[in-house]
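This report describes how two protein chains are arranged and how they meet.

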Amino acid sequence: MPHDHDHGSVPSSPFEELMKLQSAFQQSLSEATMQYLRQLQGIVGPVTPGTVVQQVEGSTIELKMRPGGQAKATVNVENRQRVHSMVTPMITPLVSETGATWFAQTAFSPPTALLATDEVLEFALVLDAPADMPVGVYRGAVMIYGCSDGVVPLEVTVAKTTRTAAAKRKTTADKKTPAKKRARKTAKSTKAS
Amino acid sequence: MPNSANIRLIDPPEDAGRTTASLFASLASRLITLHYTSGVSVIGSTLAGLAEAGREISKTAEGARIRRALEASAVKDNGELLWSALRVTGWTEGMPAAPVLDHVRNDLALLLADDLAETIENVPAPLENKVHHSKTVPAAITFIDTLMGLWIHSREIVQSIEALARSAPDGNTVEPGDAVHSGPILR
């Protein structure tokens, strides 16, 4: 009777079973050895100098906007390294107190830049809120992509628009002057002209 | 309400700083290492590096939007099918991740170095090998992470070369097109 573990058949002889077990063991051993060697290779490797972001103390961005509105901020980046650095600022998803996550539509200007030693560059951030954005406080961070460590905390408060003084005056005037009266007034002024 | 922030880019405190000599030594080490390693290791490490970059970019709002759009398309299923049929996760398991973005940025900085000629003339001693404490067991290399890594890596290269073009003296500058594709489609 043919022996095949995969199809649940019975082994033909104990020797055949032993050979299969042994070859399976050898295969597992060689795979484990290869994995170990690769890990060993990964533990020690050539150095690739990198860049760390250092946040200036107290640096944080707080924005206030209404649903459908726009907010602007700036991030000043200074290159303190001895060679040029590529800078690509980005923001993380913003999370509200209720757990809602906002994958904000943002644009940095410039989107990326090459900074020489000691050069300081201002990156302008424009943040657009969708019209149906739930109100709340959203928190996230501005990060420099590809650099480790530092981020700038970003807090965006989305609140309904408070009525402006002009809008309030208009409403008050509307209440004082009924619609019919306003219509007559408009007709008179049209005739006169 | 503060709507601006200041940050500085500095060298890692306990690592080799970015100087023309260290960047040159790093590039030379990478090339020398090729003589002592296999093609599988090189491709595997590069894939691992791309996958790591993909995981990192997926943490940003823009990256997350792109990733969600890719995951919602047929690309993800077909890609994972290929990944599984070719057993990519298996043969790349345990491969150290090459810092692919740092390589691009460091090589770009070398192209702009004022003291490159004299640095090459006085060939710097190779940097000491680094012991990676925290990444002894790298994460599995998935198709979608690698795809995301390819996206940000290629964008980084395009933007780097455009930045080089912009750094030309006034009068010789050709303004490249905007390489950042954004719009409501991925919102």
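How many bridges join strand S2 (residues 52-55) of chain A to S1(B), and do these strands run parallel or antiparallel? In this predicted model, 4 bridges join the two strands, and they run antiparallel. Within this pairing, Gln55(A) stands opposite Ile7(B) of S1(B).

Strands of a sheet pair through backbone hydrogen bonds, either parallel or antiparallel. Here, an open sheet is formed by 6 strands in the order S9(A)-S11(A)-S4(A)-S1(B)-S2(A)-S13(A), and its pairing is mixed. Strand S9 (105-109) and strand S13 (148-149) of chain A stand at the edges; each has a single partner strand, so one side of each is left without a neighbour in the sheet.

The strand of chain B in this order, S1(B), also pairs with strand S4 (residues 70-79) of chain A: 6 bridges join them, and the two run parallel. In this pairing Asn79(A) stands opposite Leu9(B), and Glu78(A) has Arg8(B) as its bridge partner. S4(A) is joined to S11(A) as well, by 9 bridges in an antiparallel arrangement; there, the bridge partner of Gln70(A) is Asp128(A). Strand S11 (residues 120-128) of chain A is in turn joined to S9(A) by 5 bridges, again running antiparallel, with Ala107(A) and Val126(A) as bridge partners.

| Strand pair | Bridges | Direction |
|---|---|---|
| S2(A) and S1(B) | 4 bridges | antiparallel |
| S4(A) and S1(B) | 6 bridges | parallel |
| S4(A) and S11(A) | 9 bridges | antiparallel |
| S9(A) and S11(A) | 5 bridges | antiparallel |

In a regular strand the side chains alternate between the two faces of the sheet.

## The contact between the chains

The contact takes 63 residues from chain B and 59 residues from chain A. On chain B, the elements that each supply at least two residues of the side touching chain A are strand S1 (4-10), helix H1 (20-33), helix H2 (39-57), H3, helix H6 (100-111), strand S2 (130-131) and H8. The residues on that side of chain B divide into 26 nonpolar, 22 polar and 15 charged.

## Chain B and two of its helices

Chain B has 8 helices and 2 strands. From the N terminus on, its elements run β-α-α-α-α-α-α-α-β-α. Of the 187 residues in chain B, buried residues make up 30%. Among contacts in chain B between residues at least 6 apart in sequence, 87% join residues at least 24 apart.

Two packed helices are described by the angle between their axes and the distance between the axes. The axes of helix H3 (residues 61-71) and helix H8 (residues 143-166) of chain B come within 11 Å and cross at roughly 130°. That angle makes H3(B) oblique to H8(B). The crossing of H3(B) past H8(B) is right-handed. From H3(B), the residues Gly63(B), Ile66(B), Arg67(B), Leu70(B) and Glu71(B) meet Ile144(B), Leu147(B), Met148(B) and Trp151(B) of H8(B). By class, this contact of H3(B) with H8(B) has 6 nonpolar, 1 polar and 2 charged residues.

## Backbone details in the loops

Most residues other than glycine have a negative phi, and most peptide bonds are trans. Which peptide bond is cis, with omega near -5°? The bond from Ser109(A) to Pro110(A) is cis, and Pro110(A) is placed in the loop between S9 and strand S10 (113-115) of chain A.

A positive phi is found at Asp118(A), where the value is near 65°. Asp118(A) is placed in the loop between S10 and S11 of chain A. Asp118(A) counts as exposed because it has 10 C-beta neighbours inside 10 Å.

In chain B, the phi of Arg87(B) is near 55°, a positive value in a residue other than glycine. Arg87(B) is found in the loop between helix H4 (74-85) and helix H5 (88-91) of chain B. With 10 other C-beta atoms within 10 Å, Arg87(B) is exposed.

How values were computed
Residues numbered from 1 in each chain as written. Chains lettered and ligands numbered in written order. Predicted model: local features only at pLDDT ≥ 70, side-chain atom pairs only at ≥ 80, totals over all residues. Axes fitted to C-alpha atoms, helices over the stretch in contact; angles between N-to-C directions. Parallel < 35°, antiparallel > 145°, perpendicular 65-115°, else oblique. Left-handed = near helix turned anticlockwise from the far one by under 90°. Contact = placed C-beta atoms within 7 Å. Nonpolar A, V, L, I, M, F, W, Y, C, P; charged D, E, K, R; others polar. Pairing = 2+ DSSP bridges. Buried ≥ 20, exposed ≤ 12 C-beta atoms within 10 Å, placed from the backbone.
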